[in-house]
Amino acid sequence: MKITVVGTGYVGLVSGACFADVGIEVVCVDIDQKKIDKLKQGVMPIYEPGLEEIVVRNYESGRLKFTTDLGEAIQGSEVAFIAVGTPPGEDGSADLKYVLAVADEIGQKMSDYIVVATKSTVPVTTGKKVEQAIKVALEKRDRALDFAVASNPEFLKEGAAVEDFLKPDRIVIGVEDERAEKIMRRLYKPFQLSGERIIYMDIPSAEMTKYTANAMLATKISFMNDIANLCELVGANANMVRKGIGSDPRIGNKFIYPGVGYGGSCFPKDVKAIVRTAKQYGYNLRVLQAVEDVNDDQKHVLVKKVKKHFGEDLTGMTFAMWGLSFKPNTDDMREAPAIVMIDELRAAGAEVKAYDPIAMDEAKEVYVGDKVTYCKDAYDACIDADALLLVTEWSEFRLPSWSTLSKLLKNKVVFDGRNIYDAKYLKEEGFEHYGIGI
Ligand code: NAD
């Protein structure tokens, strides 16, 4: 079986490599020549645990190929996945220009029946638009080739993407064509060794499923952050409350950790996009509007605590920041709360010394630039800093040497944006500890 994956970002590259790993012939296509050249040399464009090994192994075996030539890639492919970005447009709706450009190109270059499956997160009705773009391109060529569109939203998590793809909880496939369904069933067979995990549905339902899943997860986070803020006011401990409610299986213990707000390339843009879709249909998604508002405020909560402790004017002060990426185990800086906090601290006159195990290059090149001093390790960031801000809960920050930190920091004050430190223990060590909702 041969397939093409268009777009070699977090989703496309992981999907392509994992499909190749189960024996499928995969051609990964990207318009970014530099990315493709680097991949051929075994250099990964992103950090994702386990990815390099699986890419290099399959590239060397010849099952995984990289090219910028979509036309050549799709010859003989039974499926072409669209896995390009769908960033937010100015009004918050998902910008479909990359998805539709790929659909158009497929229409221009295809020469046989193919299933065009959208993996990108796209608003409901995009399946129809993809179909239309291919039809128009075929008409321009005066060709009447058969094809099918499918929706195959991706649920992998950055930081555990390879594992998630190889062992999915579920695979959602929106497909309305029998031949296409058979092809998709065959393609995904190797990923469901322990029972049927594919949920088939119509295309609009598959498109809605992805947004609904992300919207639900974002809701859990904002809900808990809202409750945590109240806990602080009433003198309750949000960690205790989390444990108390998480033990109820109807609620579950995941995604209810208070923190500094969600970020990344998915939740912020997908919540915006579904709210926008609803508006287009004359409906107001009130819960999700509130989810977004709470999250926007939550990104400011830690610096508010800093100002409450040190005063509004932070001129001449320096803060150590541990973690920059929006969550651990990824270099993804898109919509990371750290960006908001850095801007706020600087606006109040402070300097920031930052350390992140993986995301510093990405931060420096695109998102933060030279607004902070990048440090060689976590302790280096604390030398002569007025306080420590824990922003991303990378494992290596979980158990630092508090005795070393007490010598490096000017003040023994920790702003713990992820509640990873034991407040009682820190107090015993002479530190002031500020958490979220505790
Ligand atoms: P990304 O920005 O990392 O990668 C997109 C890639 O597509 C880039 O390499 C870009 O050069 C390439 N591209 C753009 N136009 C192209 C074209 N015409 N032809 C070929 N390549 C082209 O994006 P991502 O994070 O992988 O996300 C892709 C989609 O998957 C988005 O819709 C996103 O919402 C969705 N998604 C992302 C995740 C995630 O964790 N990142 C998870 C599930 C779903």
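What follows is a short chat about the predicted model shown above.

Q: What kind of model is this, and how are residues numbered?
A: This is a predicted model, in which local features need pLDDT of at least 70 and side-chain atom pairs count only at pLDDT 80 or more, while totals for chains, interfaces and linings use all residues. Residues are numbered from 1 along each chain as its sequence is written.

Q: Which domains does the chain have?
A: The assignment gives domain 1 (2-201), domain 2 (211-297) and domain 3 (299-434). Such bounds come from an automatic or database domain assignment.

Q: How many Å separate the centres of domain 2 and domain 3?
A: Taken over C-alpha atoms, the centres are separated by 24 Å. Twelve residues from domain 2 and 15 residues from domain 3 make the contact. Two residues are in contact if their C-beta atoms, placed from the backbone, lie within 7 Å.

Q: What classes of residue are on the side of domain 2 that touches domain 3?
A: That side of domain 2 has four nonpolar, six polar and two charged residues. Here Ala, Val, Leu, Ile, Met, Phe, Trp, Tyr, Cys and Pro count as nonpolar, Asp, Glu, Lys and Arg as charged, and the others, Gly among them, as polar.

Q: New topic. Which residues come nearest to the ligand?
A: Gly7, Gly9, Tyr10, Ser120 and Thr121 come nearest, out of 26 residues around the ligand. A residue is near a molecule or strand if its C-beta atom, placed from the backbone, lies within 6 Å of it.

Q: Which elements give two or more residues to that shell?
A: Helix H1 (10-21) and helix H5 (97-109) do. Helices (H or I, at least four residues) and strands (E, at least two) are DSSP runs, numbered from the N terminus.

Q: And how do the shell residues divide by class?
A: Twelve are nonpolar, nine polar and five charged.

Q: Where does Cys266 lie?
A: Cys266 is in the loop between helix H10 (238-246) and helix H11 (267-280).

Q: Is Cys266 buried or exposed, and why?
A: Cys266 is buried because 24 other C-beta atoms lie within 10 Å. The cut-offs are 20 or more such atoms within 10 Å for buried, 12 or fewer for exposed, and in between for partly exposed, with C-beta atoms placed from the backbone.

Q: What does Cys266 touch?
A: Leaving out residues up to four places away in sequence, Cys266 touches Thr121 and Asn214. Thr121 is also one of the residues that come nearest to the ligand.

Q: Now the sheet. What order do the six strands have?
A: The order is E11-E10-E9-E12-E13-E14, in an open sheet with parallel pairing. Two strands pair if DSSP finds at least two bridges between them. Strand E11 (373-374) and strand E14 (432-434) are the edge strands, each pairing on one side only.

Q: How many bridges join strand E12 and strand E13?
A: Strand E12 (residues 387-390) and strand E13 (residues 413-416) pair over three bridges. Leu389 has Phe415 in E13 as its bridge partner.

Q: Where is Tyr379 found, and what does it touch?
A: Tyr379 is in helix H16 (residues 378-382). Tyr379 touches Thr404 and Leu408, not counting residues up to four places away in sequence. Tyr379 counts as partly exposed because it has 16 C-beta neighbours inside 10 Å.
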